[in-house]
Every structure is written in structure tokens, then in C-alpha cells.
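Please keep the sequence and the structure in view while reading.

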Amino acid sequence: MEFKELAYKSADEMIFGKSLHPVKCGFGIEIGNGAVYPEINYTLPAIGMKNDNNKEILKQYEDIVSDILSRAHILQTPGIVLEFEHPPQLTMNVEMGAQVTKLTLDLMEKFYCEKGLNSALRVTVCDIRDQERPPKIRTENYVKTLFDSFIKNAESGAHMLSIESIGGKEVTDIAIIEADIPGLLFGIGILSSKDMHFLWENIVKIAKDKGSIPAGDTACGIANTAMVLADRGFIPVTLAAVIRAMTAPRSLIAYEEGAIGPSKDCAYEGPVIKAITGFPISMEGKSSACAHFSHMGNIAAATCDLWSNESVQNVRLLSGFAPEVFTEILIYDCRLMNAALKEGHEVTLKNLFIKSDENLSPHAFIISPEASYEIAKAIISEKDDFKRTHLAGLTACELLNTAIESGYLKVPEREKAWLGRIWKKLEEYDEKEKVIDAAMSRYKDKVCIEEYEL
């Protein structure tokens, strides 16, 4: 699928709960057709996953899903999306992962038939290809297991298929810490992009063959790594914000290969994807603090179609177990957005989401609808994946600099200096060959270059 122009005429047209191409799936759910649904993401507590405790694991998931669906029914939510995000062990143990999917769907169908609760299931298979370093992302046995897991979970009835892919991460993990712009361009614009084509060509084929929806990917392993490191003061915040923009083109590749959304919750590049494709997106913000901190608690909701908590362990809190608790939190968040849509006040609420966060952090500023729209416009002006990545980075620098110079976005002087250095390096490394030469002299022992067909 080729996207030659933006799906929307302006950022103002992008709004939560509405997408140009809604996605129907599951038990009576239509995502992006005038309502925001909660997407609850859950995981196991800290327990060992061994062959002799399969019954305990299945019981944990049965309890989690039952609690979530019961709370959603009690609170009369019009619908809910569950995300079964695989721990690595449940992707590697293909049959066990598929059992959990089947168990989950049986419970969802029961609540749909007996209580009228609309729901859909996203299964996010874990990208296990980095079990060894440097990873062999196409030829190792882990690759076969990965695709087998997609097949088995789709056969078990998964409504949507997603992944948090790790292509290029063996380089970007180092390049982020070292603020190495050629390394980032190499890892994101070349390695990760090539891997996305390979991965999503296969995922889309599996989904179509098995009757599931190829939903989308996320640059979480790169951009959210940078975000968390910046929050802890290990790298510049402006660097993390620029990296966020640079990862949008690689995530777009999933849709060019045939994915139709909704995007993954931890893909904060979602507004860029929505601007280009018109497909629905999942986002996370203040209600994902159980998984990680951020500076984007409200603004992330401005254009969302699903609203997620990221991931929470099945641990006991005062009121109940955490997945049930966060289900309630998400439901109330969505109630507010849906009431605004119903009463015609969605633009006001959207603007409040934006204004409460936008000028307080480069993280928030760069995912605003307006900044995302400009980055999207830059991306579709090019066809080459590397050029798109490079131009997205330059555009982010320009947007951030304008906001800082005007006084709207306030950052410490050191961040201004860093932004200047990042911008200058991006301008210096404007050719793919130059980037490859610089990166290979530094990372050739860290990457199996033949795995990327370079």
C-alpha cells in the first residue's frame, strides 16, 4: 500500500475516537467509528514459567481475564479491547501461548453471549529474535518459532496481531547512549526499516491466511528506550524527542506492507501514522504510569481511538488485582472522551489535552497533533526509507527549535545546545552511503549485516 498524500487536510481534523478507516473486529467492536475504547494490557506477576506450572499460568490468565470482563460489564462500558502481550516464554512455547489465546477468547465469547459485552482481542507476539547477540533476525530458529507463534495464535482466533519488533536495536541501544547520530540513522533508517519490510510482509500474509487483522507495530524498543533514559537524565531530552520522530517512518512500513491498525499502544508515533494513513491508533498516557513514567499523560489522548494502560502485573492492590483496577481507570478515561464526542465538545477536550502538556516537555511537544502532522508531511515527501528517517529528524529539530526560540517550549540551556549539535550532525550525514561507512566502522562487530541483506 502506497501513501502518496496525507489522509487529513490538517491536524485539526484529527480527533480522538474518529478515524477515516475504522476497523471492525471481535465481538461487536468497531474501532475509530465515533468512540474511544479502553485497551487493557496485562501480564503475569513474577512467577517462574516452567513446564510443570502450566496449570498455574493458565489459572492466572483465567482470573485476569475474568476480572477484567466482570469489571467492564459492571461499569456498563460499550466495549473493551484486551491485549494479550506475550512474555518471551509464551512465544517460545508456541502451544502454551495459543492455549492462553483460546482460553481468553472463550471467556470473551461467554461475556458477549450471556451479558452483551462487546470485546476484541489483540495478541502481541514477543519478538524473541534477540535472544543471542548479534541477533540473526532472518535465519536463526527463533525466526521460525516467531512466525509459528503468529500462525498458532491466529488459528486460535486472535482478532488482531501485533509485535514490538527489535530490528536495528543491536545498534540503536548503543547509539542512543552515545548520542551517535550516524548510528541512529543506520539503526533506524536502514536496519530497522529493512527488517520491518521482511517482518510485516510475513505477518500480513499469516493474518490474511488465518482470518486475523494485521494491526501494527511500535518503535517502543528504540524510541521509548530513549524516552526513559532521558527521563532519568542519562541522555538529552531533545535527543529522545528527535529519535521519536525518526522512528515514525519505520513504523509506517507495517501499513505499507498491509497492516490496517489499530497501532500499538506504546507507539507514541501513532499520531504520525494516523495523519498519513487514516487508520485508528492506540495510545497510552497518564494511565500507563504503572509501566513507565512519561511527560505525555494527557496529550497522548488527543487523537487516540484506543486508550491503554501499557501493561500491569496481576498483583493485589487494596481494591482488587491490578488488571481489574486499571480496567476501571481506563473505562472512566474513555467515558469522558465519549461524553465529549456525544455532546459535541470533543474539540474543546482535545485542545485541553494538548495545552496541558505541550509546552512543558519536548516529549509532549513532538507528539502533538500539529507537530505530528508536520512530521507526517515531511515523511510522505520522500519514498526512500532512509531519506524519510533523515527528513523526519530534521523536521523535528526545526519544530523544536522554533518552539524553543519563541519561548513557548522552555528547556534548559544545555538542551538548546544539544539540539544544535543533533541538527548539525543530521545535516552532515545526509547520504545513506556516508552513514553506512561511519556506522560500519563502529558497529560491525555488533550486527550481522548479511541478515539485513546489505
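In helix H5, which spans residues 169-178, the buried residues are Lys169, Glu170, Val171, Thr172, Ala175 and Ile176. Here, buried means under 20% relative accessible area, exposed means over 50%, and partly exposed lies in between, with a 1.4 Å probe and protein chains only. Helices (H or I, at least four residues) and strands (E, at least two) are DSSP runs, numbered from the N terminus. This is a predicted model, in which local features need pLDDT of at least 70 and side-chain atom pairs count only at pLDDT 80 or more, while totals for chains, interfaces and linings use all residues. Residues are numbered from 1 along each chain as its sequence is written, and side-chain values use heavy atoms, with hydrogens and water left out.

The cover over the buried residues of H5 includes helix H6 (181-210), helix H7 (220-231), helix H8 (237-256) and helix H16 (432-443). After H5 comes Ala179, which has a positive phi, near 50 degrees.

Helix H7 is itself mostly covered, since nine of its twelve residues are buried. These are Cys220, Gly221, Ile222, Ala223, Asn224, Ala226, Met227, Leu229 and Ala230. Among the elements that cover them are H5, H6, H8 and helix H12 (362-366). H7 is followed by Gly233, and the phi of Gly233 is positive, near 85 degrees.

The charged side chains deserve attention next. A salt bridge is a side-chain nitrogen of Lys or Arg within 4 Å of a carboxyl oxygen of Asp or Glu, and by this rule the count comes to 30. In one of them, Glu324 pairs with Arg71, with the closest N and O atoms 3.5 Å apart. Glu324 belongs to helix H10 (residues 322-343) and Arg71 to helix H1 (residues 54-74), so that the pair links distant parts of the chain, 253 residues apart. Glu324 is buried, at a relative accessible area of 18%.

A salt bridge also joins the side chains of Glu85 and Lys264, at 2.6 Å from N to O. Glu85 is in strand E4 (residues 80-85), whereas Lys264 is in the loop between H8 and helix H9 (270-277), 179 residues apart. Glu85 counts as buried at 16% relative accessibility, and Lys264 is buried at 0%. Both take part in a network of salt bridges that links Glu83, Glu85, Glu164, Lys264 and Asp265.

Asp305 and Lys274 form a further salt bridge, at 3.0 Å from N to O. Asp305 lies in the loop between strand E8 (282-284) and strand E9 (306-308) and Lys274 lies in helix H9, so the pair ties together parts 31 residues apart in sequence. Asp305 is buried at 0% relative accessibility, and Lys274 is buried with a relative accessible area of 0%.

Technical notes:
Contact = heavy atoms within 4.5 Å.
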